[in-house]
Amino acid sequence: MRSLATACLILGLTVSASAQSPTTRIRGEVETAEGNTLMIKTVDGASAKVALAPGYSVGGVVKATTADIKKGGFVGVGARPQPDGSLLAVQVFIFPEAMRGTGEGHRPWGVLPDSTMTNATVAETVSRVEGAGIVLSYPGGEQRVTIPADANIIMAAPADVSELKAGAQVAMTATRQADGSFSASRVTLAKPGAQLPY
């Protein structure tokens, strides 16, 4: 059950958000954590003050490799379309079995420009010198994906509120407040060795 709750935290990474939603994606390093307020130095060098909503939740992601992507597994792949019609993966999230079928399908991915998100079953895996290849299958279609060596491959892991401290690498979808600060109800924490999710 814990893995299901943890994976729900990163659902925003693998399912496109509504265009009407007045939210902002915040990624960066916690500078200070006082009570339920985080000061975050974002990846682009800005500062963001984030108030954590009552009952907020924390989940983690750990680094994974192409060896963890198994035939028959369920994954979410953020990718950029290639001229030949295939996809070049930017990020791969390996879902826990309890979340199989979540957001299944192929759609635009609002997190990065000109990118797509495919949540699907791994129908085939191919090892290559320059990386790995997979075929993703979902109702009504399939996508061929190349996973380069620099792709961010992650999977869910438990995390604790106590880990939200200076130096922690975090990502969240937050709502901007009238005073310019932000509010968030879920925080995803990158464990040591893992890259921040997009």
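1. **Terms for pairing.** Two strands pair if DSSP finds at least two bridges between them. Strands are DSSP runs of E with at least two residues, helices are runs of H or I with at least four residues, and both are numbered from the N terminus.

2. **Basis.** This is a predicted model, in which local features need pLDDT of at least 70, side-chain atom pairs count only at pLDDT 80 or more, and totals for chains, interfaces and linings use all residues. Residues are numbered from 1 along each chain as its sequence is written, and side-chain values use heavy atoms, with hydrogens and water left out.

3. **Overall make-up.** The protein chain has two helices and 12 strands. Its order from the N terminus is α-α-β-β-β-β-β-β-β-β-β-β-β-β. Of its 198 residues, 43% are buried. Buried means under 20% relative accessible area, exposed over 50%, and partly exposed in between (1.4 Å probe, protein chains only).

4. **Surface and contacts.** The accessible surface of the protein chain is about 9,700 Å², and carbon and sulfur atoms hold 53% of it. Areas come from the Shrake-Rupley method with a 1.4 Å probe; for residues, only the protein chains shown count as cover. Contact means heavy atoms within 4.5 Å. Take the contacts between residues at least 6 apart in sequence: 63% join residues at least 24 apart.

5. **Strand β5.** This strand spans residues 87-94, and seven of its eight residues are buried. β5 pairs with β4 in the antiparallel sense, over seven bridges. Within that pairing, V77 stands opposite V92 of β5. Five residues lie between the two strands of this hairpin, and G85 takes a positive phi near 95 degrees there.

6. **Parallel partners of β5.** Strand β9 (residues 141-148) runs parallel to β5 and is joined to it by two bridges. L87 has V145 in β9 as its bridge partner. Strand β10 (residues 152-157) also pairs with β5 in the parallel sense, over four bridges. Here I94 has M155 in β10 as its bridge partner. In a regular strand, side chains alternate between the two faces of the sheet.

7. **A79.** Is this residue buried or exposed? A79 counts as buried because its relative accessible area is 0%. A79 sits in strand β4 (residues 74-81). Beyond its neighbours within four places in sequence, its contacts include L87, L88, A89 and V90. W109, D114, S115 and T116 are also among them. S115 is 36 residues away in sequence, yet the C-alpha atoms of A79 and S115 are 5.5 Å apart.

8. **K191.** This lysine lies in the segment after β12 (182-190). K191 has 17% relative accessibility, so it counts as buried. Its side chain reaches the backbone oxygen of P158 at 3.1 Å. Leaving aside neighbours within four places in sequence, K191 is in contact with V61, V62, P158, A159 and E163.

9. **Second largest pocket.** The space in this pocket is about 210 Å³. Of its 14 lining residues, R25, I26, R27, T42 and D44 are the closest to the centre. β1 (23-34) and β3 (47-63) each supply at least two lining residues. β1 gives the largest share, four residues. A pocket is an open set of points on a 1 Å grid over the protein atoms alone, where a 1.4 Å probe fits, with protein on both sides within 12 Å along at least five of seven lines; lining residues have an atom within 4 Å of a point. Points are joined across faces, edges and corners, and the volume is the space filled by probe spheres set on them.

Conventions:
A polar contact is a pair of N or O atoms within 3.5 Å; within protein, one must be able to donate a hydrogen and the other to accept it, and residues adjacent in sequence count only if both atoms are side-chain atoms.
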